[in-house]
Amino acid sequence: MGLVLLGLCTCTPGPGSGPDAGARGGADSGFTAQKPPPWLLTATVTGRVRARGGEPITGARINLEQWVGDGLVAPRAGESGENGVFRVERLMPGAYQLTVSHPGRATGRQIFWAEQGDNKLLPLVLVPSAPMGGRVLDELGQPVAGARVRPLGSSRRKDGWTVEARSDSKGRFLLDGLGAGVFRLEVSAAGHAVSVLSRVRAPARALEVVLSRHYNVAGRVSPMPPGGGDVTVRLAGSGVWPERLARPDPSGRFVLEDVPSGIYDILAGTEQQPWRASSPVQGIQVGPKAPASIMLELQPAQKITGQVSH
């Protein structure tokens with residue numbers, strides 16, 4: 001609770017009253033803070049969270065961060081108290097971003113400049129959220145667990161905007177915190193290709209996202225030059241560019257990792273004299289049914305150089 005960074009103190013939710021509260025915001029405050037030197041922080045921010053109809057929202061999650069350069073630092077977190085009020089004391093004057101969230105409501109954000117002394121913010125209105133839910137599957141129809149689902153342009157980046165979801169063991173996800181509208185969703189998972197869904201209208205309850213799995217392509221190069229040599233295995237095809245490269249171990253075994261499903265050509269060759277190369281193995285199908293171990297036989301070769309002109 002006591003990190004001081006660039007004059008801003010990290011806070012945690014607390015009762016907001018009593019002699020042990022440190023920096024105290026009163027009965028409506030959701031913050032307590034370690035007391036910094038009085039000369040360091042001199043701004044106070046007060047705000048209110050309410051619904052569209054004007055009714056206060058108690059227990060809204062408050063996150064306050066300071067802009068330094070082009071990034072955000074030293075977050076302070078808490079909750080709105082009675083009547084939706086929150087108060088943060090002993091801040092360094094400067095630019096801040098306030099992010100407010102509450103279950104079932106669209107996440108709100110406000111950027112403001114805190115002057116020395118008291119700063120009263122405009123009420124922050126949280127409208128009902130328009131949740132988007134569905135399932136993430138692979139090309140075999142199996143659920144993908146742990147997939148990250150986020151709307152492009154509103155997930156956490158330099159501006160600190162945070163709205164995203166993760167799929168469960170059955171591939172199900174629920175993205176909450178967005179208002180009604182049209183979004184682009186990016187869905188990603190380890191070992192799978194990234195998928196982007198364009199023009200998804202919120203709310204949406206039955207989205208189905210298919211992620212293509214990535215696979216490993218393994219094989220052996222033979223015979224290997226003395227000492228292992230400078231051998232490179234190259235794989236290309238199915239729109240993959242630049243080509244994938246791998247170095248065999250001294251026994252000639254190689255693995256090309258995270259290859260998307262598709263049809264590929266593969267070959268091997270030395271990078272220095274004496275020149276040796278394999279004939280290309282063409283039409284290798286990479287997918288759920290793993291290809292057999294690929295054998296690449298090195299043979300004497302020549303290096304051809306030249307210039308292409310129009």
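Residues are numbered from 1 along each chain as its sequence is written, and side-chain values use heavy atoms, with hydrogens and water left out. In this predicted model, local features need pLDDT of at least 70 and side-chain atom pairs count only at pLDDT 80 or more, while totals for chains, interfaces and linings use all residues.

**Exercise 1. The sheet**

Task: Give the strand order of the open sheet that contains β17, and trace the pairings of β17.

Solution. 
1. Strands are DSSP runs of E with at least two residues, numbered from the N terminus. Two strands pair if DSSP finds at least two bridges between them.
2. The order of the four strands is β15-β14-β17-β18, with antiparallel pairing. At the edges are β15 (165-166) and β18 (195-202), each of which pairs on one side only.
3. Strand β17 spans residues 181-188 and is joined to β18 by six bridges. Here valine 182 has arginine 201 as its bridge partner, and valine 187 stands opposite serine 195.
4. Strand β14 (residues 148-151) is joined to β17 by four bridges. One of the pairs is arginine 148 with serine 188.
5. β17 and β18 form a hairpin with six residues between them, and glycine 191 in the turn has a positive phi of about 80°.

**Exercise 2. Arginine 184**

Task: State whether arginine 184 is buried, partly exposed or exposed, and list its contacts.

Solution. 
1. Arginine 184 lies in strand β17.
2. Buried means under 20% relative accessible area, exposed over 50%, and partly exposed in between (1.4 Å probe, protein chains only). Arginine 184 is partly exposed because its relative accessible area is 44%.
3. Contact means heavy atoms within 4.5 Å. Not counting residues up to four places away in sequence, arginine 184 touches Arg150, Pro151, Leu152, Val196, Leu197, Ser198 and Arg199.
4. Arginine 184 and serine 198 are 14 residues apart in sequence, with a C-alpha to C-alpha distance of 4.6 Å.

**Exercise 3. Aspartate 138**

Solution. 
1. Aspartate 138 belongs to strand β13 (residues 132-138).
2. A polar atom of the aspartate 138 side chain lies 2.9 Å from the backbone nitrogen of leucine 140.

Key. Polar contact = N/O pair within 3.5 Å; in protein donor to acceptor, adjacent residues only side chain to side chain.
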